[in-house]
Amino acid sequence: MTYDTNNIFAKILRGEIPCHKVYEDAHTLAFMDVMPQADGHTLVIPKAGSRNLLDADPAALGPLMASVQKVANAVRKAFGAEGVLIQQFNEPAAGQTVFHLHFHILPRSTGAALRPHSGKMADHAVLAEHAARIRAALEV
């Protein structure tokens, strides 16, 4: 299967669709998931197009994982979480629905249930506030 340059994350990278940006560097972009399963649910993607981990350029993985780690620490701090869940899916059978390599970062605390990925978009004012909290945690 090939990479589709018209997937939603590619459109976000090109500025065709807005996002609540958390972090950006030369190789990666992190932004809020618009259908969060937990407050602070953040996505980290490479700027280089790849369908998923299986076809990614190995040279892109180092900078990507460094950004995942950096953002995960900020998410944990911003939301006072005990830990973080990091998810990454490859192909439909594994649950992948957007075919651009991406990592989900979800702050987790004991006993807190995840919300379903229902298809209902969160309030954009709330997402903007969550993004600001994470950006502030990145600056410290």
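This is a predicted model: local features need pLDDT of at least 70, side-chain atom pairs count only at pLDDT 80 or more; totals for chains, interfaces and linings use all residues.
Residues are numbered from 1 along each chain as its sequence is written, and side-chain values use heavy atoms, with hydrogens and water left out.

Let me start with the sheet. Five strands form an open sheet in the order S1-S2-S3-S5-S4, and their pairing is antiparallel; helices (H or I, at least four residues) and strands (E, at least two) are DSSP runs numbered from the N terminus, and two strands pair if DSSP finds at least two bridges between them. Strand S1 (21-24) and strand S4 (83-87) stand at the edges with a single partner strand each, so one side of each has no neighbour in the sheet. On average, neighbouring strands are turned by 20° against each other, direction ignored, with axes fitted as lines to C-alpha atoms, for helices over the stretch in contact, and angles running from 0 to 180 degrees between N-to-C directions.

S1 and strand S2 (residues 28-32) run antiparallel and are joined by three bridges, and Glu24 has Leu29 in S2 as its bridge partner. Helix H3 (residues 124-139) packs on this sheet, touching S1, S2 and strand S3 (42-46), and its direction makes about 35° with that of S1; contact here means heavy atoms within 4.5 Å.

Now to the aromatic rings. The count comes to one aromatic pair, where rings of Phe, Tyr and Trp (its six-membered ring) pair if their centres lie within 6.5 Å, and planes under 30 degrees apart count as stacked, over 60 as edge-to-face and the rest as tilted. The ring centres of Phe9 and Phe31 are 5.4 Å apart and their planes stand at 75°, so this pair is edge-to-face. Phe9 lies in helix H1 and Phe31 in strand S2, 22 residues apart, and the pair thus links distant parts of the chain.

Finally, the pockets. A pocket is an open set of points, on a 1 Å grid over the protein atoms alone, where a 1.4 Å probe fits, with protein on both sides within 12 Å along at least five of seven lines, and lining residues have an atom within 4 Å of a point. The largest pocket is lined by 25 residues, with Phe9, Asp33, Val34, Met35 and Leu43 nearest its centre. Helix H1 (8-13) and S2 are the elements that give two or more residues to this lining. For the second largest pocket, the lining has 15 residues, and Met35, Pro36, Arg115, Lys120 and Ala122 lie nearest its centre.
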